[in-house]
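Look at the sequence and the model below.

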Amino acid sequence: MLVEINAQFPEPRKVRRAVDALLEGEVIAYPTDTVYGLGCDITSKKAVDRLYQIKGMERSHPLAFICPDLSEIAKYAIVDNQTYRVLRRFLPGPYCFILEATREVPRLVQTKRKTIGIRIPNHEVVRAVVEGLGRPVISTTAQKGGDDPYVDAQEIDADFHGLGLVLDAGAGGLVPTTVIDLTTSPPTVVREGAGPVDEFVDEAPRSLRNVREEMKRLKATMRD
């Protein structure tokens with residue numbers, strides 16, 4: 001079912017329809033600040049299974065958690081002060097950060113590495129939906145195989161059979177999120193996408209390593 005929604009001021013009743021669909025174990029499609037996504041409730045095994053089936057993914061394919069804000073992240077990921085500083089600086093935004101998972105992550109979406117990808121998109125629609133749900137949405141890009149991501153919500157509705165709802169907020173982007181692994185030192189750029197990576201490589205004028213050094217100096221100052 002296709003539902004047009006205002007990208008900047010999403011109508012509450014339409015957001016509620018999306019939340020209700022998630023609570024009923026449906027997979028939905030929604031806009032983000034990069035590309036359209038497909039997602040479901042992280043607590044529903046039936047929905048997670050359906051998500052993999054609809055997209056035709058292998059079970060080993062990693063998924064991302066979409067959170068409404070930074071306060072929700074610490075429940076599902078291990079976040080020290082340095083990591084929090086990075087997340088606060090770059091989120092909301094076109095990034096997915098890989099972090100160590102906590103025991104709160106449902107087993108059905110855990111990876112062998114015990115890590116999760118965290119997203120806070122800078123888009124009012126999906127953030128309103130996740131906030132209304134009260135817990136993260138497990139998410140993947142609306143694309144098939146190695147093809148480009150879908151831009152048109154109507155095409156998503158037609159080609160991904162089994163979706164419970166498609167939120168249409170206009171044309172989406174073609175460039176997916178940038179994926180940064182913060183469990184390595186220095187951080188690893190897993191995929192370069194819509195978010196700049198200059199600050200996450202050693203050659204950059206202000207690399208993440210510099211941010212970490214600043215944190216060490218700050219802590220030393222506080223102890224003094």
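**From a loop to the core**

Leu 182 is found in the loop between strand S9 (178–181) and strand S10 (188–191); helices (H or I, at least four residues) and strands (E, at least two) are DSSP runs, numbered from the N terminus. This is a predicted model, in which local features need pLDDT of at least 70 and side-chain atom pairs count only at pLDDT 80 or more, while totals for chains, interfaces and linings use all residues. Residues are numbered from 1 along each chain as its sequence is written, and side-chain values use heavy atoms, with hydrogens and water left out.

Leu 182 has a relative accessible area of 10%, so this residue is buried (under 20% relative accessible area; exposed is over 50%, partly exposed in between; 1.4 Å probe, protein chains only). Its C-alpha atom is separated by 5.7 Å from that of Ile 98, a residue 84 places away along the chain.

Now the rings. Aromatic rings of Phe, Tyr and Trp (its six-membered ring) pair if their centres lie within 6.5 Å; planes under 30 degrees apart count as stacked, over 60 as edge-to-face and the rest as tilted. The count comes to 8 aromatic pairs. One of them, Tyr 95 with Phe 200, is tilted, at 5.9 Å centre to centre and 55° between the planes. Tyr 95 belongs to strand S5 (residues 95–100) and Phe 200 to the loop between S10 and helix H7 (208–223), 105 residues apart. Both Tyr 95 and Phe 200 are buried.
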